[in-house]
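Please take me through this model in the viewer, one selection after another, and tell me at each stop what there is to see.

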Amino acid sequence: MTQHRIAVIAGDGIGKEVVPEGLRALDAAARKFGIDLRFDEFDFASCDYYAKHGQMMPDDWKDRIGGHDAIFFGAVGWPDTVPDHVSLWGSLLKFRREFDQYVNLRPCRLMPGVPSPLANRKPGDIDFYVVRENTEGEYSSVGGRMYEGTEREIVFQESVFSRKGVDRILKFAFDLAQRRPKKHLTSATKSNGISITMPYWDERVEAMAKSYPDVHWDKFHIDILTAHFVRHPDRFDVVVASNLFGDILSDLGPACTGTIAIAPSANINPERLYPSLFEPVHGSAPDIAGKGIANPIGQIWCGAMMLEHLGYAEAGAAVLAAIEKVLAAGPGHAPLTPDMGGKASTQDLGKAIADAL
Ligand code: NAD
Ligand code: IPM
Ligand code: MN
């Protein structure tokens with residue numbers, strides 16, 4: 001049996017509470033499907049590590065996790081002790097860039113038994129993917145601060161869109177759309193206001209679409225697109241977006257499905273030159289950390305995506321089916337955490353899903 005080495009990084013806050021539930025589900029799936037997973041836990045990429053060492057990760061972090069088959073990640077950030085840009089650029093954003101995880105795949109699905117804040121929406125009505133560019137765009141390190149502390153002070157940060165970077169994320173998104181029954185792709189743009197990079201993005205979308213004659217596609221400026229997410233979430237299938245727009249859409253989409261806490265994400269290096277990283281969309285949630293009430297579903301669903309990535313599609317589907325089965329009992333019956341309107345603990349819900357497997 002092939003052994004798969006998984007680097008486990010819980011990070012900060014509720015990362016430390018939801019990761020064990022993700023591992024519980026992965027253990028159950030591994031037993032059921034005869035998969036050999038070896039978990040290696042690391043304490044770096046956390047603000048606790050920063051407090052001890054003055055940096056987020058050891059200098060040899062890449063050697064220590066670069067040879068793993070995947071990274072199972074919780075959340076990072078503790079703004080009371082470390083500024084967010086320091087903790088995030090010192091950990092998660094480094095992984096994304098240095099492991100060239102240029103695809104951030106974020107499914108968004110209204111699950112049975114979880115009430116949507118949108119009126120009259122039922123499971124099936126919301127079921128799409130946000131495909132977020134993950135290594136360039138608005139998240140750039142090109143910029144600076146000048147005339148610091150004077151009235152002439154200037155700060156600027158450039159957006160960077162490379163042809164290679166744009167084309168490869170568009171190709172991933174069109175390929176995905178082509179495999180979906182609806183074969184529909186929406187591009188997020190803002191080419192009316194952002195007059196250099198976004199018209200370029202549109203141009204590349206149009207060029208890429210020519211290779212996918214069977215995929216119907218459209219584009220919306222990001223402002224009205226957020227409105228359509230709320231008013232007509234049923235019309236979306238695959239939504240491709242730049243780094244920042246994708247970040248925003250991938251919180252808004254899951255919010256329309258009842259809670260951001262169920263949403264997973266896969267930070268993928270499709271060429272498999274580096275490990276891909278699986279983490280929930282949500283953060284470390286300092287407001288509820290330590291209370292044992294964080295919703296573990298985003299983390300558990302990440303486990304499903306990781307299994308699929310490792311070649312175990314059936315096991316991944318079983319984890320997702322277990323989540324759906326537990327939720328389907330509905331409010332009053334399912335062990336729902338407070339963000340879904342229930343009173344269950346992180347562990348109650350995690351155990352119920354592992355048992356359902
Ligand atoms: P957040 O996602 O941590 O929390 C936003 C809100 O959602 C909070 O009210 C929180 O309680 C709730 N929430 C989040 N996850 C939940 C869960 N699993 N169950 C129940 N409720 C949940 O976003 P934030 O408050 O903007 O950020 C907090 C910290 O996390 C910051 O340091 C931020 O930079 C960091 N962050 C990290 C990641 C990541 O590691 N991928 C993602 C987002 C934010
Ligand atoms: C996410 C997060 C990160 C991002 C932050 C924490 C840097 O919000 O994974 O969505 O903006 O990419
Ligand atoms: Mn985000």
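## The whole chain

Begin with the entire protein chain, keeping in mind that this is a predicted model: of its 357 residues, 48% count as buried. In a cartoon view, the secondary structure comes to 12 helices and 12 strands. The radius of gyration is 20 Å, close to the 21 Å that the globule rule gives for 357 residues, so the chain is as compact as a globular protein of that length. Turned onto its principal axes, the chain has C-alpha atoms that fill a box of roughly 55 × 50 × 45 Å. If contacts with a separation of 6 or more are drawn, 75% of them in the protein chain join residues 24 or more positions apart.

Next, colour the chain by its domain assignment, which gives domain 1 as 1-115 + 264-357 and domain 2 as 127-256. The C-alpha centres of the two domains lie 24 Å apart, and 16 residues of domain 1 are in contact with 19 residues of domain 2. On the domain 1 side of this contact, select α5 (92-98) and β4 (103-109), each of which supplies at least two residues; the largest share, 7 residues, comes from β4. By class, that side of domain 1 divides into 8 nonpolar, 3 polar and 5 charged residues.

## The largest nonpolar core

Now select the largest nonpolar core, which has 108 residues, and pick out Ala29, Ile71, Val131, Val239, Phe278, Val319 and Ile323, the ones that touch the most other members. Both domain 1 (1-115 + 264-357) and domain 2 (127-256) give residues to this core, so it lies between them. Centre the view on Ile71: leaving out residues up to four places away in sequence, Ile71 touches Ala7, Ile9, Ile65, Phe95, Pro275, Leu277 and Phe278.

## The two ligands

Which residues come nearest to ligand 1? Of the 24 residues around this ligand, they are Gly77, Ala261, His282, Gly283 and Asn295. The shell as a whole divides into 13 nonpolar, 7 polar and 4 charged residues.

Move on to ligand 2, which is surrounded by Leu88, Leu93, Asp247, Val281 and Gly283. By class, the shell around ligand 2 has 3 nonpolar, 1 polar and 1 charged residues.

Select Val114, in the loop between β4 and β5 (127-133). Val114 has 23 C-beta neighbours inside 10 Å and therefore counts as buried, the cut-off being 20 or more. Setting aside neighbours within four places in sequence, Val114 is in contact with Thr257, Gly258, Leu327 and Met340. A distance drawn between the C-alpha atoms of Val114 and Met340 reads 6.6 Å, although these residues are 226 residues apart along the chain.

The tour ends with two backbone details. Ala45 sits in the loop between β2 (36-42) and α2 (47-53), and its phi is near 60°, a positive value in a residue other than glycine. Is Ala45 buried or exposed? With 28 C-beta neighbours inside 10 Å, Ala45 counts as buried.

Tyr147 likewise is not a glycine and has a positive phi, of about 55°; select it in the loop between β6 (143-146) and β7 (154-157). Tyr147 counts as exposed because it has 10 C-beta neighbours inside 10 Å, where 12 or fewer is the limit for that class.

Key: Residues are numbered from 1 along each chain as its sequence is written. Chains are lettered from A and ligands numbered from 1 in the order in which they are written. This is a predicted model: local features need pLDDT of at least 70, side-chain atom pairs count only at pLDDT 80 or more; totals for chains, interfaces and linings use all residues. A residue is near a molecule or strand if its C-beta atom, placed from the backbone, lies within 6 Å of it. Ala, Val, Leu, Ile, Met, Phe, Trp, Tyr, Cys and Pro count as nonpolar, Asp, Glu, Lys and Arg as charged, and the others, Gly among them, as polar. A nonpolar core is a set of buried Ala, Val, Leu, Ile, Met, Phe, Trp, Tyr and Cys residues joined through C-beta atoms within 7 Å. Domain bounds come from an automatic or database domain assignment. Two residues are in contact if their C-beta atoms, placed from the backbone, lie within 7 Å. Helices (H or I, at least four residues) and strands (E, at least two) are DSSP runs, numbered from the N terminus. The radius of gyration is taken over C-alpha atoms; the globule rule is 2.2 Å times the number of residues to the power 0.38.
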